[in-house]
Amino acid sequence: PSRRRALFVCPQLQHPSAEVREYACASISKLLQQKHVIPAFLRRDVVRCLGPLLMDHSLAVRETAAGALRNLSACGGFEVCDDMVTNDIMTPLVALLKECSAGLDANQLSPKKCRETNKNYIEDIANEAINLLWNICECNNTAVYIFNKEGCLEAVLHYMKKFSTNVDLAISVANCLQAVTEDNPDLLSSFNASAQQVLETVMMCPESTMKHILLRTLIAGTIWNIKDTIPPGSLGSMVNAILKIFSESLAIDAGETIIRMNEAEKSRLKLAAEAETEENMSDVVDSCVLSEDDNMEEIPKGKLRRENDVSDLLPSDKWELKEVTALLTAQQTALEIIVNMCCSEDPSDDEWEELSSSDESDLFMESSYNEGSGLLMTPLCLSDEVHSAFLNNLIPKKILEKTAFPNSVALDICMHNPSWKPLIKKLNAVQCRALTCLHSILLVSDVDCLGGPSALQSLAHHLSQLVFSKTEFPTDTEFLEAITSALRALLQTVASKNISQCMTPEQLLALCEAGIHSSNASVRVNVVSILGISGSVLAKGQDTAETLKMIGKFLLEVAMKESSLVVAGEALDALFDVFADGEEAEKAAMQIKLLPTLKEFQPVFRMRMRKEGKGQYSTDQLCVLDNVKMNLRRFIAYQETLGKTP
């Protein structure tokens, strides 16, 4: 059926009638929202058919063609966006963007058309085109290169100046700007004083709607991306302004907002229904009056209703839902940018070489894996400016608040309202981003800044409640990855400062036994690391041999049976940490026969690295695994010396 629809609709794009072309574009736009239909349209070369229509003489055709391409880019993903760039979609798209920008102030519209539809075609076309540009640039580096080369920034910023009258267009522009400014040093020189002034003006706008909060959040993210263009003397105030915006967004209770907006929607719909009833009664009276006077021309009620109810046919009638969606998007965006602000530098080639060839006298490397990737974590850096602004704007406190489960009343509203149901996913996404954010902050902040030992213990209790408060162990992969990452960072911080652990070994083992069965390697890496951290602390205590035996058996089983070498390597590293030192550790190691088991496993691990390493793992992961292999040899030698000690 999808192939037949594509065969029927695509030829209509070349029809001499603008109305037929518009209808064909609109039909394709709707069909492309179904992913299974996309391949059939790609086989019909839909990109090359729609591309020229971006410059059609009919403004309506331009808008619907841009909308169809936008849906194709949004629903098709990376491969489809690559295909669109290969098929030269950027040439007509850039031409359209520049033409719309030039005509924005002149507003080259038919006055009659504008009066009849109350529609600004230039801005509506620009909105579709900007969203298309955003989708493509997020997926394709060539598109970003063309954006830079063609000087699209000037045109895009010109649209931003309409933020006071068209916030939806401004949000689309802000999304696009955040995408094209990320890791794009070639664009920085284009951000002159005038361009920065446009962004600062928008960032300081006082409007308090959720859409404006989202707009300011996106612009703050763009300014962070271009921070290298900010004079050093202004960096502190810039960071403070950015975090003030994030603080404003995160301070709003999304659950309470959903409850309030849902009530507002009910009231509005009730008033609209009452008004419609009154209008229908008035129509009946009018028809009676008209029938009494045959000389009066009857008003065509169908046409009158259509003109009055145009807004009801558009998504704008869901303004309460749009406001909540904007808030949740703003909060998720703010949290993601905060994670980026807790910056980390990747190890250089020289650093890798130094790590790989460390002195034999170093018994083991103090290393840990980056979740799922197997990268060594390098110390994260939090500049003085960011650190101070974090505390001034109460960022850690507000992030912690967002890690809680969503409001149950708000969830119930969303669950029983089909239009609001997609908000559940957004609520959960905000919680997961907050947990990821907490993980980053724990890695970059010292104990005092986090509130001291008591605050960390309270935090551990809070995180353990998130895991164990439900009757069933959580299974959502995104949540599990986020919560285990946060727990791992917290336990590492607590252990490094000799603060007493506040999660029992039984709780940790339960977490690890459940998490190790996750299909996500990041979760498995995290739970193994968590057990290694806790075990190394227990090894320093008294009467802990029995617990260490359980931990050791668990880690040995993971190391020997785990399908992922990265997770197996993390399990070995955890074993090295747990059984590095201490009488209780030595006693437990003897009882679980750690040394003979590892000696037997050593050639198996080497063989797996030779067979599976190349092709399946990145160079960085292989470098880490090579260090694990070396540390395994050292650890076995160390254990053998313990056995020889009288």
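**Exercise 1.** State which residue lies over the face of Trp224, and at what distance from the ring centre.

Solution. Lys227 lies over the face of Trp224, at 4.4 Å from the ring centre. A charge sits over a ring if NZ of Lys or CZ of Arg is within 6 Å of the ring centre and within 35 degrees of the ring normal.

The model is predicted: local features need pLDDT of at least 70, side-chain atom pairs count only at pLDDT 80 or more, and totals for chains, interfaces and linings use all residues. Residues are numbered from 1 along each chain as its sequence is written, and side-chain values use heavy atoms, with hydrogens and water left out.

**Exercise 2.** Find where Ala404 is placed and which residues it touches.

Solution. Step one: Ala404 is in the loop between α20 (395-402) and α21 (408-415); helices are DSSP runs (H or I, at least four residues), numbered from the N terminus. Step two: leaving out residues up to four places away in sequence, Ala404 touches Gln431, His462 and Leu466, where contact means heavy atoms within 4.5 Å.

**Exercise 3.** Decide whether Phe576 and Phe635 are buried or exposed.

Solution. Buried means under 20% relative accessible area, exposed over 50%, partly exposed in between (1.4 Å probe, protein chains only). Phe576 has a relative accessible area of 1%, so Phe576 is buried. Phe635, at 0%, is buried.

How values were computed
Helices (H or I, at least four residues) and strands (E, at least two) are DSSP runs, numbered from the N terminus.
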